[in-house]
Amino acid sequence: MFTTIYALATAPGRSGVAVVRISGPEAGSALAALTGRPLPAPRRAVLTKLRDPRSGDALDDALVLRFTAPASFTGEDVVELHLHGGRAVVSGVIEALATLPGLRLAEPGEFTRRAFENGKLDLTEAEAVADLIDAETNAQRRQALRQMGGALGRLYDGWRERLTRALAHIEADIDFAEDDLPGGVADAVRPVIAGLAGEIAAHLDDGGRGERLREGLHIAIVGAPNAGKSSLLNALARRDAAIVSARAGTTRDIIEVHLDLGGYPVVLADTAGLREAAADEVEEEGIRRARDRAARADVKVAVFDATTLPDLDPATLDLIDRDTVVVFNKTDLATATDLRPDLSPILVSARTGAGLKALEEKLTEFSADRLAIGSAPSLTRARHRAALTECRESLLRALDAPLPELAAEDVRLASRALGRITGRVDVEDLLDVIFRDFCIGK
Ligand SMILES: Nc1nc2c(c(=O)[nH]1)N(C=O)[C@@H](CNc1ccc(C(=O)N[C@@H](CCC(=O)O)C(=O)O)cc1)CN2
Ligand SMILES: Nc1nc2c(ncn2[C@@H]2O[C@H](COP(=O)(O)OP(=O)(O)OP(=O)(O)O)[C@@H](O)[C@H]2O)c(=O)[nH]1
């Protein structure tokens, strides 16, 4: 059976209160060892002295709370020690726990892994716990909470149930057929499978918004050297993240800042100025990276120096597409800025701040368009996408299968692909990978 695990559940370092969590069959006896008293009633917070069981040294006056299996986060007996968040208090308690038999420090994600293994959460819900902890913006939090509430898991489990019924139907046909049936899937089951394949295709065809919302929308600032790209990044980030200099070719490597635009997470990247004649191979590599980042970005901000109008850098013009916001910078120095209405430029001055609000609004609009989640839950990980793609391919194969036996096998494969997303079937190999990215104590 499971050993008992413990870990600091709150952030390490000095804090007002720190919570140490213990889960497993020895959680109660560990608490008794620290308090020297009978266990408090479950789910009732009690103020009590904690002592080192070996030396009797006072460790803290703590608030303790206990949950009994299976009514706890992990489904096991759980004890929480709400401590004064001093380093010596926390280390004293952790060291005392280490001396108790049957206890060991938890691995990253191990509490949530146990919750999964005890049937408290499916895998998509467990993943959402990690996403909620990582959520930095409102939209990310909303998506994580929805998934943690089981919205995605229910969708996939519902699909899987439909496949189970379709499979039963196909198997019945096989069992009761007098001879080998001609053709593959019976007419009654066909629309079920085709319909589900269509629903999965529509679910997959979401522009990757759930995944992007988790990771942040990638926006790349591109433009000629000295157009003011770094100045613009700093102005949007409201800090000096990138070096600004009058020397062309200052930015070489990509500088990233994380922004919250109206609740949407954005990774804004400053790139090397595009020019033909790079000063050296470092700048040349910088330009290569800039082009690569521009190609992979979800949205580009093409920055032009308004003081050179009507001349606009041709290399930058080349990159403009429907995912591009055009910016004329240095409008504090330029007089004629109304020359290219076809590009619908946003006029800004990174120096004075003029126009930045309009640019932020435009970028927020782009972010909302690419990331906003609708009423249906979105898939949020490459793992989900791969399994759904596999599921759909199996369904399409089932529809084309020449024999019902072959169709049945394809439907089984499709069902298993769905089951792996929620963790209903063969996931042992997946679990280490999924829970490895969690924090300790979660
Ligand atoms: N102190 C503390 N705060 C916390 C947590 C925690 O573990 N400890 N959580 C942890 O991440 C989150 C809350 N999540 C929880 C989820 C389930 C149960 C629980 O006891 N579930 C039981 C009983 C359900 C009920 O009473 O309705 C169960 O599922 O059977 C507790 C916390 C956020 N805040
Ligand atoms: N007057 C004025 N000067 C600006 C403005 N934005 C940037 N500059 C100046 O233009 C020069 C180049 O700015 P950067 O932000 O380093 O330009 P960049 O496009 O990142 O340049 P590279 O790193 O060489 O590609 C600096 O001297 C800035 O102070 C602006 O809005 N108005």
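In which loop does N226 lie? Good morning. The residue N226 is found in the loop between β7 (217-223) and α9, where helices (H or I, at least four residues) and strands (E, at least two) are DSSP runs numbered from the N terminus. Although N226 is not a glycine, it has a positive phi of about 70 degrees.

Before I continue, a word on conventions. This is a predicted model, in which local features need pLDDT of at least 70 and side-chain atom pairs count only at pLDDT 80 or more, while totals for chains, interfaces and linings use all residues. Residues are numbered from 1 along each chain as its sequence is written, chains are lettered from A and ligands numbered from 1 in the order in which they are written, and side-chain values use heavy atoms, with hydrogens and water left out.

Let us turn to ligand 2. There are 24 residues around this ligand, and K229, S230, S231, G249 and D332 come nearest; a residue is near a molecule if one of its heavy atoms lies within 4 Å of it. Helix α9 (residues 229-237) gives the largest share of this shell, namely three residues. Sorted by class, the shell around ligand 2 holds eight nonpolar, eleven polar and five charged residues. Here Ala, Val, Leu, Ile, Met, Phe, Trp, Tyr, Cys and Pro count as nonpolar, Asp, Glu, Lys and Arg as charged, and the others, Gly among them, as polar.

Which side chains approach ligand 2 with an N or O atom? The side chain of N329 has such an atom 3.1 Å from a nitrogen atom of ligand 2, and the side chain of S349 has one 3.2 Å from an oxygen atom of the ligand.

I now move to ligand 1. The residues around it include F67, P70, F73, E80 and K442. An oxygen atom of ligand 1 is 2.6 Å from an N or O atom in the side chain of K120. Taken alone, ligand 1 exposes 680 Å², of which the protein buries 46%. Its shell has four nonpolar, two polar and five charged residues.

The peptide bond from A69 to P70 is cis, with omega near 0 degrees, and P70 lies in the loop between β4 and β5. A cis peptide bond also runs from L309 to P310, with omega near 5 degrees. P310 belongs to the loop between β10 (299-305) and α11 (314-319).

Finally, the salt bridges. A salt bridge is a side-chain nitrogen of Lys or Arg within 4 Å of a carboxyl oxygen of Asp or Glu, and the whole structure contains 34 of them. One joins the side chains of E76 and R114, at 3.2 Å from N to O. This pair links distant parts of the chain, 38 residues apart: E76 is in the loop between β4 (58-67) and β5 (78-84), and R114 is in helix α3 (residues 110-117).

How values were computed. A polar contact is a pair of N or O atoms within 3.5 Å; within protein, one must be able to donate a hydrogen and the other to accept it, and residues adjacent in sequence count only if both atoms are side-chain atoms. Accessible areas come from the Shrake-Rupley method with a 1.4 Å probe; for residues, only the protein chains shown count as cover.
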